[in-house]
Structures are given as structure tokens and as C-alpha cells.
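Here is a short briefing for a first look at this structure. Keep the sequence and the 3D view open as you read.

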Amino acid sequence: MEYKQLGNTGLLVSRLCLGTMTFSDGGGIYAHIGNVGQAGADELVNAAINAGINFFDTADIYSDGQSEQTLGQSFRNLDLARGDVVLATKGYMRTGPGRNSIGASRKHIVEAVEASLKRLGTDYIDLYQIHQSDSITPIEETLRALDDLVRHGKVRYTGCSNWPVWKIATAFGASERLHLARFETVQAYYSLAGRDVEREMIPLLDHQRGGLLVWSPLAGGLLSGKYDRNNQTPQGARRSGFDFPIVDKERAWNIIDALRPVAQAHETSIARVALAWLLSRQAVTSVIVGAKRLDQLEDNLAAADLKLSDDDLAKLDAVSQLPPEYPGWMVDTQGADRLGPLDLWKNARTAASPQS
């Protein structure tokens, strides 16, 4: 297992992180995601630790807090030293019927952190992430509340998840201006079937030395090997009943068509290749993998040892590349001659010329 700095900090985390959304009773939406009980959770956490994983991610909304409670109990059942694991959780989502039982206000953040600490059975959270963008709470209020929690020792580092890029950039600026603890990470959806973060988010994180944590690296199971254009809704598969995250399906089938021969050449699974592609991306700090069964987790863990060739990566990059989007294509065109004179419009003229 390789390790990487968490954002611009001295904390090292494993390149694979065990996500625990499957730690639940399987009720409601979790019927499609997982129903891993305490015994199963202990088995998965133990396998992750033995594989070198030191990073674990959960959230207060996962099965109404049951995921946090189960994960914390697993640490105790396995007699893991608190200092040997990096524990990440998230808050923002609705935790009750009250008007203020949701959001990134000071009131809700403080109450949510206290509740998470109790469920996890710990004195501190290594990485606390704001799970969603709050449309009404000022960013400064959110950042000041998080900074207080850091200063009081209840939270070590902070991050956000599913925020628009403009707001993340604003938060970086506000933290610097007000001398507050800043977001060290962004947890975002990223996969071969969904590379949108490459447009603006990854350049921002590169500039700010922020960390990128990847959720749903297999696009909700679409890249697991169970699906293809001829078997789009396999019975019993998660995505057959819970079609999320949103992807361009035709593009995804083309990607799966390209993944299959690469997997065959390496005598491995499609899922493992899709994860290895993500681990090859310099911008990625850690890839969050989840599982219902030990064999699923073991297959995902093996991605850390799979090294794709330059040719493999080039093929996967080409079939999954993003379509041009403004202003990106204009920035690339106008900036092409920055280091030397070029005819910027040669290709446009060639394309427009009459065929002989």
C-alpha cells in the first residue's frame, strides 16, 4: 500500500480508503447499497487494516448514524489503537425534523460533530467534511465554526464534499484572509465514466495543494464488470435498482468495451483496472472503496498492486476523454502560442477549406 499527504498537511493516508456506506441495516435507500452488520464490518475493517489501509470514511447520514456507530465499534472490537487510523466523517444532511437539523450553520455543525463523536466513540475526528453546499449559510460562518472545532481539538483537519468549484475557491480565499483552518480536501465523484472534476476542480486543487478524495470510483458499480451494453440491468446488482451517479450511458458502454481487453491482458477484473486508472492520476490522494462482501473488498484492494502500462492508460484516456467545453477550448486555443509563435487558426482553416 502506498501513502500520500492529506492535502497540504503532514498527515499520511493510504491511497485506498475504506468507505462504510454499506455498514447499515439495509433499510430505505440502503437496501440498494448494503446491509453489512457488525460481524461483517469487523471482517472488512480487519481485511483493510491487514492490506495497509489506515484511512476510513463515513458520514452521519449513512443509515441515520448506524455506519458511524458500527465503524467505531469495529475499531474497539479489533483493538485498534486510535492513533493508527485516520477517521473521516461528514455532516450537513438532515438529522432530524427541526428547521435547523440540516446545513452548514454553526449550530448544526457543532451539534453534528458532537453527535458523531458520541456514535464513533472517540474524542476527535481526523477529517471532518461538510457534505454538501449550503445555499444560505455564509461561508465565513461555516469556516469559523470549523476553525473553533479544530482549535478545541475535536477535529484535526477539515474538508468539503460536492461543492461547486467557485465556492471551494471562495472558501480557500476566506480561510487565508481570516486566518482560519482551511479545507485540506475535497471529496468528489470521479471515475472513468465521469471525469468532470478535471475541468476546473483538479486545477484548483493543484494550485492550492489540496487533496482529492474520490467517491464512487466505479460509477455506482457501472464499471464493476457486471454491466455492459448487452446487460444493462443485471438482476440483483446495485445500480439496477439505484441508477446513480448520473453518467452518459452510451459513453460508459464504450469505456467498458475498452476496459475488458485491458483486464483480460492483465488477467484481472474490470473493476480492478478502473481503480488502477484512478490511482495513476497524480491529482488523486485516496480512492474510497466500499464493499458488501470480503471478496469484493479483496478485489478492490488488489488494484493497489496493478500497474497499467502507458499504452493501457492511453487507450483508457482516449475512450473516456471529456468533450470540449467552453471556456476550456478557448483557453487552450488562445494560450497555445504562449511559449512561441504558432498559427492558432491553421486547423480551423484546413477544416473549412473545400475538398478537392
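Which residues lie nearest the centre of the second largest pocket, and how many residues line that pocket? Trp163, Ala188, Tyr189, Val197 and Met201 lie nearest its centre, and 15 residues line it. This is a predicted model, in which local features need pLDDT of at least 70 and side-chain atom pairs count only at pLDDT 80 or more, while totals for chains, interfaces and linings use all residues. Residues are numbered from 1 along each chain as its sequence is written, and side-chain values use heavy atoms, with hydrogens and water left out.

**Pockets**

- A pocket is found on a 1 Å grid over the protein atoms alone: it is an open set of points where a 1.4 Å probe fits, with protein on both sides within 12 Å along at least five of seven lines. Lining residues have an atom within 4 Å of a point.
- A volume is the space filled by probe spheres set on the points, which are joined across faces, edges and corners.
- The second largest pocket holds about 280 Å³ of space.
- Strand E8 (residues 183-189) gives the most to the lining of the second largest pocket, with four residues. Helices (H or I, at least four residues) and strands (E, at least two) are DSSP runs, numbered from the N terminus.
- The lining of the second largest pocket has 11 nonpolar, two polar and two charged residues. Nonpolar covers Ala, Val, Leu, Ile, Met, Phe, Trp, Tyr, Cys and Pro; charged covers Asp, Glu, Lys and Arg; polar covers the others, Gly among them.
- The largest pocket holds about 1,200 Å³.
- Its lining has 48 residues, and Met21, Ile33, Ser216, Gly220 and Arg238 lie nearest the centre.
- Helix H7 (238-241), helix H9 (270-279), strand E10 (284-289) and helix H10 (294-301) each supply at least two residues of the lining of the largest pocket. H10 gives the most, with four.
- By type, the lining of the largest pocket has 21 nonpolar, 17 polar and 10 charged residues.

**Helix packing**

- Two packed helices are described by the angle between their axes and the distance between the axes.
- Helix H8 (residues 249-265) packs against helix H11 (residues 310-320) at about 170 degrees, with the axes 9 Å apart. H8 is therefore roughly antiparallel to H11.
- Axes are lines fitted to C-alpha atoms, for helices over the stretch in contact, and angles run from 0 to 180 degrees between N-to-C directions. Angles over 145 degrees count as roughly antiparallel, under 35 as roughly parallel, 65 to 115 as roughly perpendicular and the rest as oblique.
- On the H8 side, Arg251, Asn254, Ile255, Ala258, Leu259 and Val262 take part, and they meet Asp312, Leu316, Val319 and Ser320 in H11. Contact means heavy atoms within 4.5 Å.
- The residues of this contact are six nonpolar, two polar and two charged.

**Buried residues**

- Buried means under 20% relative accessible area, exposed over 50%, and partly exposed in between (1.4 Å probe, protein chains only).
- Histidine 108 sits in helix H3 (residues 106-120). Histidine 108 counts as buried because its relative accessibility is 3%.
- Not counting residues up to four places away in sequence, histidine 108 touches Tyr92, Met93, Thr95, Asn100, Ser101, Ile102 and Gly103.
- Aspartate 299 is in H10. At 19% relative accessibility, aspartate 299 counts as buried.
- Leaving aside neighbours within four places in sequence, aspartate 299 contacts Ser269, Ala271 and Arg272.
- Leucine 180 lies in the loop between helix H5 (165-178) and E8. Leucine 180 has a relative accessible area of 12%, so it is buried.

**Backbone details**

- Most residues other than glycine have a negative phi, and most peptide bonds are trans.
- A cis peptide bond joins phenylalanine 244 to proline 245, with omega about 0 degrees. Proline 245 is in the loop between H7 and H8.
- Another cis peptide bond joins tyrosine 326 to proline 327, with omega about 5 degrees. Proline 327 is in the loop between H11 and helix H12 (328-335).
- Serine 63 is not a glycine, but has a positive phi of about 50 degrees. The loop between strand E4 (55-57) and helix H2 (66-77) holds serine 63.
- Tyrosine 92 has a positive phi, near 155 degrees. Tyrosine 92 lies in the loop between strand E5 (86-91) and H3.
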